[in-house]
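Visitor: I'd like to learn how to read a few features off a model like this one. Could you walk me through them?

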Amino acid sequence: MIAGALSRLDRFARLFTPLFTGIFLVLIAAIPFRIPEYGRIAADLGLIVVFYWAAYRPDLLPAIAAFGLGLWQDLVTGGPLGLHALIYFLAHWAVASQLRFFQGKSFAVIWWAFGLVSAAAMLLSWLVVMMLEGAVIDGVPVLFRWAVTIALCPFVTWILARLQHAFLRQI
Amino acid sequence: MKHSTGSVQRLAVPVRAIAQRFAFFLLLAAAVGLMVVGKAETVLVERVRSGVMDVVAPVMDALSRPAATVANSVDHVGSLIDLYEENNRLREQNARLLHWQAAAQKLAEENAELRRTLGAVPDSVADQISARVIADNGGVFVRSVMVNAGKSDGVRKGSAAMTGLGLTGRVTSVGDRSARVLLITDLNSRIPVVVEGARARAILAGDNSEQPKLIFASHTSGVAVGNRVVTSGHGGVFPPGIPVGRVVASDAKGIRVQPFSELHRLDFLRILDYAGTRATALQAKGDTDG
């Protein structure tokens, strides 16, 4: 009986692995590193997570979970509430609707696809914030953020792939 | 029987498609709704934000320590390399500062004497709460940091936050054990300041760039590059005289100020409980007068 409960618990924990990776990486992205130039151009690690799981296990990270991760990102960073909820949800929708594209493609193609999705996400978030604040915001930091996020994409996806291999093979 | 189950199945597929499309628009509307509600800054939103902050604070506190240690070690190594020059520079600075210390003491005595003569109300000294920066933000749209001091440490909404070098920001959100400080460079930051020398009052408005600008200046005639900018104390929320920055550009495009505080390298902040101490000081004066 205990074995049954433990195995159910184990399965439950595995099912939530994608969501946990998202929650954790959003916190990591908020750590204050003291980088001198250009303020804090933190990578949008949450976007990489949403992109990855939407492409490979959308059943474990559905659209509403992407929405929730975006909301989590907004609350942790103190940004405009709902901004990343919208962005992550739309990114999830864009990727999950093109699932066939991601089957069996090389990493370079996946990376390129992420470049496109993240560019659209950054552009949209920039426009939405300008609308919300009613002021023109310099776009150069957004560009840097996009560049840093793309640069970190291989590392983060490697980690997520290892986690997927380790925990989600049987699910 | 078979006929009825077949018709139920035929009904289920389009219903699911409609439900999916409905879910999409529902989530879309929810996101937009959240943005509107978030902009309205209601009490509920405040409470949710500070609630999440309190949950996240201990985790961020632990996570940010290794990064802080690494940054400090890097600084340490850097300072070891420059040891000789640093030593000379510090000797010269020390000698200059000793002169200033003597001058300051003389001025302080003169000041106290004049205040006594005039019967002026003393400026209240603000209580200070020390807090560590435990989380940064996305950096692009909002310039704010999270600190690990909250209501239980005496932090109030609207308090000034500063480093040893100068003003850093204002507390916008307070939880039990954590608080959010909006930096002076943020788009929504507005601080009443005065330009020393020109004695021009203005508002320091951030625009998410590294150098906030001065708006609504009472006059711009005497403002020159190099002038110091300090808080004016208008509105009674910030103590007057806190160093803010130095004017670095003063032309047709506007007046830009370079903050003294190193906003990229915030480690510890001092939160000033000015409004609280001022209220007590005024009350005390009222008691003695009446």
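Visitor: How many residues does the hairpin use to join E4(B) to E5(B)?

Guide: The hairpin joins E4(B) to E5(B) through 4 residues; helices (H or I, at least four residues) and strands (E, at least two) are DSSP runs, numbered from the N terminus. This is a predicted model, where local features need pLDDT of at least 70, side-chain atom pairs count only at pLDDT 80 or more, and totals for chains, interfaces and linings use all residues. Residues are numbered from 1 along each chain as its sequence is written, chains are lettered from A and ligands numbered from 1 in the order in which they are written, and side-chain values use heavy atoms, with hydrogens and water left out.

Visitor: Which strands pair with E5(B), and in what sense?

Guide: Two strands pair if DSSP finds at least two bridges between them. Strand E4 (residues 167–174) of chain B pairs with E5(B) in the antiparallel sense over 5 bridges, and B:Ser173 has B:Arg180 as its bridge partner in E5(B). Strand E2 (residues 144–147) of chain B also runs antiparallel to E5(B), joined by 4 bridges, with B:Ser144 opposite B:Leu182.

Visitor: Is E5(B) mostly covered or mostly open?

Guide: Buried means under 20% relative accessible area, exposed over 50%, and partly exposed in between (1.4 Å probe, protein chains only). Strand E5 (residues 179–183) of chain B is mostly covered, with 5 of its 5 residues buried. Look at both faces: B:Ala179, B:Val181 and B:Leu183 are buried on one side, and B:Arg180 and B:Leu182 on the other.

Visitor: What about the barrel in chain B: how many strands does it have?

Guide: It's a closed barrel of 6 strands, in the order E6-E7-E8-E11-E10-E9, with antiparallel pairing. The twist averages 45 degrees from one strand to the next; angles run from 0 to 180 degrees between N-to-C directions, and axes are lines fitted to C-alpha atoms, for helices over the stretch in contact. For a close-up, strand E6 (residues 190–195) of chain B is joined to E7(B) by 6 bridges, and B:Pro192 has B:Ile203 as its bridge partner there.

Visitor: Now helices. How do I read the packing of H5(A) and H7(A)?

Guide: Two packed helices are described by the angle between their axes and the distance between the axes. Here helix H5 (residues 83–96) of chain A and helix H7 (residues 107–133) of chain A pack at about 150 degrees, with axes 10 Å apart. That makes H5(A) roughly antiparallel to H7(A) (under 35 degrees counts as roughly parallel, over 145 as roughly antiparallel, 65 to 115 as roughly perpendicular and the rest as oblique). By class, their contact has 11 nonpolar, 1 polar and no charged residues. Contact means heavy atoms within 4.5 Å; Ala, Val, Leu, Ile, Met, Phe, Trp, Tyr, Cys and Pro count as nonpolar, Asp, Glu, Lys and Arg as charged, and the others, Gly among them, as polar.
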